[in-house]
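Below is a short briefing on one protein structure.

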Amino acid sequence: MNQKVLNSFLDNSKFNGFHKVLLAIGFFVITFSGYELSVFGSIVPVVIKEWNISTTQVGFIGSSAMFGMMLGAILLSFLADKFGVKKLLIVSIFIFNFFIVCATFTNNGLMFGICRFMAGVGSGGATPIVISLLTEYSPKANKAKMVAFAICGNQIGGILAPLVAMNVMPQFGWKPVLWLSILPLLLIPVFIKVIPESARYLSQSDQIDKLNATLTKIDPNYQEILESTAKAISYDDEDEDERNTEKVSYLKLFNKRYALGTVLITLIYICGLLTINGVNVWLPQVMNSNGYALGSSLTFSVVLNLGTLLGTILWAIMVDKVGFRVLMPIIYSVGAISLFGMGIKANLLVLYLFVGLIGMFAFSAHSLMNTFASQYYPAEIRTTGVGFANATGRIGGMLGPIVGGMLLTANVSITMWFLVFAIPGIVAAISITLINIQTKHFKQKENVIPENTVVEK
């Protein structure tokens, strides 16, 4: 089946029950991925006391998931293209939930860290595969909304983790907090039956019967629509299609036009994940060690994720009206100021306000970076550019928990601790500004309207 015809059918399909089920599954999977990432921070204060391990060791355990996610994002995404998106998504779901449950049977930091690493491999593979599947099957008018809604599962999982910990850990300890990951494992038979395989993969592997069954769920009259679409599409540009599907060299990201932007976007991703993972893992412990009860310390994590959820939705709406050039530096700057504010002695309500602002600005800014990067690069290197930024950004995700643990081991003040994690936000704000200055320069030099509209907005 011609890929252009198939893509046109999928893009112009009507949003129906098939898409709702796919969206619900994607949201569910990413929610548990978010839970897996956040739950360690919720149990850290108890684990440190039970195993009598240092904060530096805990930092390395927290970073182990990021190492796993980098490997999973690269390896499982590659295997998905080769062996099928559905198969690898099921494998990813199994891996990250199975090893989270396995972590409850460990009794030392090393084995716990290995389980976290393996869970990260599965989680790192699951999220991009879910986004790929949603992007492929979503109607064109709903693509951004469906992906944005699914990604919000990260924040829901981040809220769920401390809530479960607050209600379960005081009476039953930290291990039952991880048992919630049994639920996705029990639902795997349902996922196998309900999750569709990639239409592109089915078409290219000549699994026509399965493809027809999937297309029927989208529209029972799909054959008539495909025939009419085939007649309307010209095949004279097949050579152009082949060029567009060719693999693009990473070297093109570093040509004269995009080299500076690629370096700065990579830096922004590293800064964003360094702050997010460092604060996520250590926030309850930092607040607990500075005199706040464990219950209120875990509540900080709930407020943090609520703020992130609100910011993700709000900025996604505003960016279409205001644009990245103005909005992004402001968001990162306010996020950095909010992080610094957490280090100032204040009453509990003021601190809750600051932590909500951290989520709303510092954390949610990172959610906009995929959109920013996708508009910075032209179509022929867009996927390569966004993928490169996501992969290299994991370096910051690995460093965050380690840096936070080392600061605690050094007994720095709470003001200094939050200041260190505020600095990356300022770096990101400056980097965004430099990217837009450079893009404007090239636009004026070329004297044409560029394909991306990062500076124009």
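Is Trp174 buried or exposed? Trp174 has a relative accessible area of 2% and is therefore buried, where buried means under 20% relative accessible area, exposed over 50% and partly exposed in between, computed with a 1.4 Å probe on protein chains only. The model is predicted: local features need pLDDT of at least 70 and side-chain atom pairs count only at pLDDT 80 or more, while totals for chains, interfaces and linings use all residues. Residues are numbered from 1 along each chain as its sequence is written, and side-chain values use heavy atoms, with hydrogens and water left out.

**Aromatic pairs**

- The whole structure holds 19 aromatic pairs; rings of Phe, Tyr and Trp (its six-membered ring) pair if their centres lie within 6.5 Å, and planes under 30 degrees apart count as stacked, over 60 as edge-to-face and the rest as tilted.
- One of them joins Phe18 and Tyr137 edge-to-face, at 5.3 Å centre to centre and 70 degrees between the planes.
- Phe18 belongs to helix 2 (residues 17-51) and Tyr137 to helix 5 (residues 109-137), so this pair ties together parts 119 residues apart in sequence; helices (H or I, at least four residues) and strands (E, at least two) are DSSP runs numbered from the N terminus.
- Both Phe18 and Tyr137 are buried.
- Phe112 and Trp174 also pair edge-to-face, with 5.7 Å centre to centre and 70 degrees between the planes.
- That pair links distant parts of the chain, 62 residues apart: Phe112 is in helix 5, and Trp174 is in the loop between helix 7 (153-172) and helix 8 (175-178).
- Phe112 counts as buried because its relative accessibility is 3%.
- One aromatic cluster is made up of Phe28, Phe32, Tyr35 and Phe191.

**Second largest pocket**

- The second largest pocket contains about 260 Å³ of space.
- On a 1 Å grid over the protein atoms alone, a pocket is an open set of points where a 1.4 Å probe fits, with protein on both sides within 12 Å along at least five of seven lines; lining residues have an atom within 4 Å of a point.
- Grid points are joined across faces, edges and corners, and the volume is the space filled by probe spheres set on the points.
- Lys86, Ile195, Pro196, Glu197 and Lys210 are the closest to the pocket's centre of the 14 residues that line it.
- Helix 4 (85-102), helix 10 (188-194), helix 11 (199-204) and helix 12 (208-218) each supply at least two lining residues, and helix 12 gives the most, with four.
- The lining divides into six nonpolar, two polar and six charged residues (Ala, Val, Leu, Ile, Met, Phe, Trp, Tyr, Cys and Pro count as nonpolar, Asp, Glu, Lys and Arg as charged, and the others, Gly among them, as polar).

**Helix 17**

- Helix 17 (residues 324-341) has 18 residues and should span 26 Å at 1.5 Å a residue, which agrees with the 25 Å between its end C-alpha atoms; the expected span is 1.5 Å times one less than the number of residues.
- Its buried residues include Phe324, Leu327, Tyr332 and Leu339.

**Single residues**

- Arg116 lies in helix 5 and counts as buried at 3% relative accessibility.
- Not counting residues up to four places away in sequence, Arg116 touches Glu36, Leu37, Phe40, Ile61, Gly62, Ser64 and Ala65 (contact means heavy atoms within 4.5 Å).
- Pro139 is in the loop between helix 5 and helix 6 (143-151), and its C-alpha atom is 9.7 Å from that of Asn16, 123 residues apart along the chain.
- Gln444, in helix 20 (residues 414-446), counts as exposed at 55% relative accessibility.
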